[in-house]
Amino acid sequence: LAGEHFAYTLKDTQRPDGYNMVDYYSAMYDDSGMPVDEADMPKPYIEPLDKTFKLVMGDPDSEKTLTKEFKIVGILKEDYSKGYETVEGLIFKADDLKKLSAEFERLNNISNTKKDEYQELYVKTQSIDSVADVESEIKEMGFYTYSLESIREPMEKEVRQKQLMFAGLGTVSLFVAALGIMNTMIMAISERKKEIGVMKALGCFIGNIRAMFLMEAGFIGFIGGVLGAIISLIVSCIINIVGTEAEITDWATLYEVLFLSPDRVSVVPAWLAVSAVVFSIFVGVISGLYPANSAIKISALEAIRSE
């Protein structure tokens with residue numbers, strides 16, 4: 001496996017010295033010092049994937065050199081946290097390296113009695129929840145460990161605190177909205193007493209009257225939920241446009257920045273928007289229960305006589 005920028009370390013022998021390599025790090029920035037888009041980066045002279053290379057171990061001027069051919073079958077993603085080899089290095093299988101080392105030692109009559117040693121090991125857990133337990137067990141074995149667990153825990157604690165704060169604000173807003181719907185329905189019922197009395201006099205079922213007012217309350221919740229989802233989506237789009245560094249030139253670029261880019265600051269999933277609308281309808285119906293029950297208790301005779 002080759003590092004993501006390994007190709008830029010290769011020389012094109014058909015070109016003169018000084019012009020046979022692409023200086024990747026100089027090409028990363030333009031004349032003003034601003035980063036260049038990845039699409040505008042110059043391509044290396046040689047693409048290493050699926051190519052065969054020669055590995056020479058030892059002094060090239062000596063007869064006791066070991067030459068082996070190897071083929072690059074994959075390109076790594078640049079990740080300095082995992083090691084510089086993911087950038088410009090090469091990664092071999094451990095068994096292949098042991099065979100190369102043993103063959104080179106035999107060729108040069110080197111007696112190596114040391115055991116295999118490793119500078120560092122990477123441990124991958126099945127889930128993020130297992131990191132703390134695995135790290136604790138490794139420390140008990142006497143090894144030094146490093147992970148993002150020490151950073152993740154305070155961040156999660158801070159996020160939970162913010163979630164509680166926003167949940168409190170949401171609860172207050174929800175309570176105010178429910179009172180608003182309830183007050184609207186009570187006012188509507190008080191203004192439509194005569195209509196309720198006429199419906200009762202004509203033999204309308206009590207359940208139908210209750211259902212009518214519950215539907216109205218639910219519809220109020222539906223309108224509020226839809227408007228809230230639209231406003232949230234608009235605010236999310238504004239945040240993504242302001243927060244992104246990408247240059248928006250057409251509608252396709254705008255769509256990618258708003259809905260496809262992995263660098264989006266704000267994301268509103270479709271399921272969340274639908275859930276918010278459904279929950280708003282539920283709140284509206286619950287808020288309309290008391291006014292609807294009050295409506296069916298109105299006397300038909302008094303309602304018809306009222307102005």
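1. Basis. The model is predicted, with local features requiring pLDDT of at least 70 and side-chain atom pairs counted only at pLDDT 80 or more, while totals for chains, interfaces and linings use all residues. Residue numbers run from 1 along each chain as its sequence is written, and side-chain values rest on heavy atoms, without hydrogens and water.

2. Confidence. The mean pLDDT (the predictor's confidence in each residue, from 0 to 100) is 83 for the protein, and 94% of the residues score at least 70. Helix H10 (residues 300–305) has the lowest confidence, with a mean of 68, and H8 the highest, at 89. Helices (H or I, at least four residues) and strands (E, at least two) are DSSP runs numbered from the N terminus.

3. Largest pocket. A pocket is an open set of points on a 1 Å grid over the protein atoms alone, where a 1.4 Å probe fits, with protein on both sides within 12 Å along at least five of seven lines; lining residues have an atom within 4 Å of a point. The largest pocket holds about 1900 Å³, a volume being the space filled by probe spheres set on the points, which are joined across faces, edges and corners. It is lined by 43 residues, with Lys-82, Glu-120, Leu-121, Tyr-122 and Val-123 closest to its centre. H2 gives the most to this lining, 6 residues.

4. Second largest pocket. Its space is about 1100 Å³. Tyr-24, Val-36, Asp-37, Glu-38 and Met-41 are the closest to its centre among 33 lining residues. H7 supplies the largest share of the lining, 3 residues.

5. Glu-38. This residue sits in the loop between helix H1 (24–27) and strand S1 (52–57). Glu-38 counts as exposed because its relative accessibility is 65%. From Glu-38 to Gly-284 there are 246 residues in sequence and 50 Å in space, C-alpha to C-alpha.

Definitions and conventions. Buried means under 20% relative accessible area, exposed over 50%, partly exposed in between (1.4 Å probe, protein chains only).
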